Amino acid sequence: MNNMPKVKIGIVAVSRDCFPESLSVSRREALVKAYKEKYNAENIYECPICIVESEIHMVQALEDVKKAGCNALVVYLGNFGPEISETLLAKHFDGPSMFVAAAEESGDNLVQGRGDAYCGMLNASYNLKLRNIKAYIPEYPVGNAEECADMIEEFVPIARAVVGLSKLKIISFGPRPLNFLACNAPIKQLYNLGVEIEENSELDLFEAFNKHADDPRIADVVKDMESELGEGNKKPEILAKLAQYELTLLDWVEAHKGYREYVAIAGKCWPAFQTQFGFVPCYVNSRLTGMGIPVSCEVDIYGALSEFIGTCVSEDVVTLLDINNTVPNDMYADDIKGKFDYTQKDTFMGFHCGNTSSKKLSFCAMKYQMIMARALPEEVTQGTLEGDIVPGDITFYRLQSTADSKLRAYIAHGEVLPVATRSFGAIGIFGIPEMGRFYRHVLVEGNYPHHGAVAFGHYGKALYEVFKFIGVDVEEIGFNQPKGMLYKTENPFA
């Protein structure tokens, strides 16, 4: 998966001129040593030029980390720190910044060896606010070398997502299907986030597809599809067309990403797509997402954006699903009740026609799209990937713009249950604690569309920090609140 940035963090230690500079030097060295021993040493660069005590030092440090290729910054308060110079570091650094501070080391060294960074962090935060500088500050930003190393490692996925967004282009093929206003949202917030968007006609895509007829690379892509599908290759006659479409999208990405480094796609898939292209694009969408190029269905631009963020945070395949249907009473009684700690209202089925990567399906088969085939000839609805989603921890989340161009988001931890779905499509039975209340007071109350992004693991902590960093008001980040913690709109007498 190469459609995301590699994070290289420059660590710059700072010192107030009336405190021993040696404290910041020795503590920086200990921090870098602890990080390299525990985590990927290639992620971090120790700025050796100077300990920043002045604005001149700040410029020298910035030039050094830039020359070293750093795209994220840790400002490390080895002692109290110079509040102006250290915050100017973050102001002038082109990338996300983090502030952490050193804890005191020994009760036997609290005279010349006391650094007061606990105090200095307060002044740093005040100066950041004065200058309107965004910076990541951990929940408890003071610690010893090992603790601060852990904080830096938690910053890595946050930085990766923020850097990725600053260099992302979303390529869409539209317009949205008729009677499908659900995923409509103003694109103004994309530009506010630093994301570029290229909106294209479905006819442009169709022209490009036709130009790829008889592409000599089709045979190799078909072989790769056959290998991936195995016994699930139920529609071999359609593979050549799907391979032609995959090459069309990949070539479009290379030809159109321009000066941007990373790409996500918001694709069209109905109602005219099937009759004109002669297939549905679900399986190809799943393959691109598996390559690290998220593809959302139904021209869901903010869905594609959400998928890209999750890909950066998790460094893994994500998917986009409809928050689709309830679990029937008999199915809950037979397969879930007493076996898993969820009420029936805590469960639901997440579904899409077949856009989920085979890497995240317990089994898969390439078939026709049953819903579309109810109104169209079956032969033009072939190309969907079906199977039950792999059980395990998940994070359900979405970043969305409201109709009046305000960013909001939601995050919920849960799991895909190891329960057979007995249904069709790419589908799973999800358990999320207090899902019923979350559904009503976040999803419905917040006017979210039915598409939710799914990351395979619990990544809520990092996603929450990413959403805060890019400007989502904390009051607009919904989560599945536990029992006893009422939502603002929840009836206390219910």
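**A parallel sheet, paired rings and crossed helices**

Ser172 stands opposite Ala266 in β8. The structure is a predicted model in which local features need pLDDT of at least 70 and side-chain atom pairs count only at pLDDT 80 or more, while totals for chains, interfaces and linings use all residues. Residues are numbered from 1 along each chain as its sequence is written, and side-chain values use heavy atoms, with hydrogens and water left out.

We can begin with the sheet. Strands β6 (residues 168-174) and β8 (residues 262-266) run parallel and are joined by 5 bridges; two strands pair if DSSP finds at least two bridges between them. Helices (H or I, at least four residues) and strands (E, at least two) are DSSP runs, numbered from the N terminus. The open sheet has 4 strands in the order β7-β6-β8-β9, with parallel pairing. Its edges are β7 (196-201) and β9 (295-296), each with a single partner strand, so one side of each has no neighbour in the sheet. Helix α9 (residues 239-256) lies across β6, β7 and β8 and runs at about 130° to β6. Such angles run from 0 to 180 degrees between N-to-C directions, and the axes are lines fitted to C-alpha atoms, for helices over the stretch in contact; contact means heavy atoms within 4.5 Å.

Next come the aromatic rings. Rings of Phe, Tyr and Trp (its six-membered ring) pair if their centres lie within 6.5 Å, and planes under 30 degrees apart count as stacked, over 60 as edge-to-face and the rest as tilted. By this rule the count comes to 21 aromatic pairs. Tyr136 and Phe155 are stacked, at 5.6 Å centre to centre with 0° between the planes. Tyr136 is buried at 4% relative accessible area, and Phe155 is buried at 0%; buried means under 20%, exposed over 50% and partly exposed in between (1.4 Å probe, protein chains only). Ring pairs also link Phe206, Phe209, Tyr245, Phe273, Phe277 and Phe279 into a cluster.

Finally, helix α8 (residues 218-229) packs against helix α11 (residues 282-290) at an angle of about 85°, with their axes 13 Å apart. This makes α8 roughly perpendicular to α11 (under 35 degrees is roughly parallel, over 145 roughly antiparallel, 65 to 115 roughly perpendicular and the rest oblique). On the α8 side, Val221, Asp224, Met225, Glu228 and Leu229 meet Tyr283, Val284 and Arg287 in α11.
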